[in-house]
Amino acid sequence: MALYIVLDVIKRNLMGSSLIGGYEIIENILMPLAVFPALAIAQSSGIIPRIDIFVSKLSNRFQYLIHLFLVVIEIIIYSMLTVYGWQSAWMNTIENASFSASGMLIPIYPFLYLAALGFGLLVIENLFILIKSVIDKKVIFSVDKR
């Protein structure tokens, strides 16, 4: 994505015109490729803030129960986002959804599946966190890579 932007800027400054559909290709193809597959990796690394940090003053038992409740809520929400994202991508596939970039129609529907995939990976990550938390009977924020 950075290379495409750099080439676009160089071409615009040296030749007076930009790459065909530069903004649309970055917005509709390259950004989803960069963001959605990495959601589960971001959560497992601890980058995504969790509400659990607000209950650190409570007893360990209460923290554990709140943690389990929040993980179950996250699983439900991410599951819904996965299902609705998949349905939306499927409907766009049927309709052959495309975007216009300098007079060309570029299909967008293959990249819409990345949102559903990213949220599906979050569901799997949270299921592992829930299972590990229940087995260890303590608050677990991510599954160890060991």
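Modeller: Glycine 16, with a positive phi near 85°, follows helix H1. Residues 2-15 make up this 14-residue helix, which spans 19 Å between its first and last C-alpha, close to the 20 Å expected at 1.5 Å a residue (1.5 Å times one less than the number of residues). Helices (H or I, at least four residues) and strands (E, at least two) are DSSP runs, numbered from the N terminus. The model is predicted: local features need pLDDT of at least 70 and side-chain atom pairs 80 or more, while totals for chains, interfaces and linings use all residues. Residues are numbered from 1 along each chain as its sequence is written, and side-chain values use heavy atoms, without hydrogens and water.

The whole structure holds three aromatic pairs (ring centres within 6.5 Å, with the six-membered ring taken for Trp; planes under 30 degrees apart are stacked, over 60 edge-to-face, the rest tilted). Tryptophan 86 and tyrosine 113 pair edge-to-face, at 4.8 Å centre to centre and 65° between the planes. Because tryptophan 86 lies in helix H4 and tyrosine 113 in helix H5 (residues 109-136), the pair ties together parts 27 residues apart in sequence. Tryptophan 86 is partly exposed at 48% relative accessibility, whereas tyrosine 113 is buried at 18% (buried is under 20%, exposed over 50%, partly exposed in between; 1.4 Å probe, protein chains only). Phe36, Tyr78 and Phe119 form one aromatic cluster.
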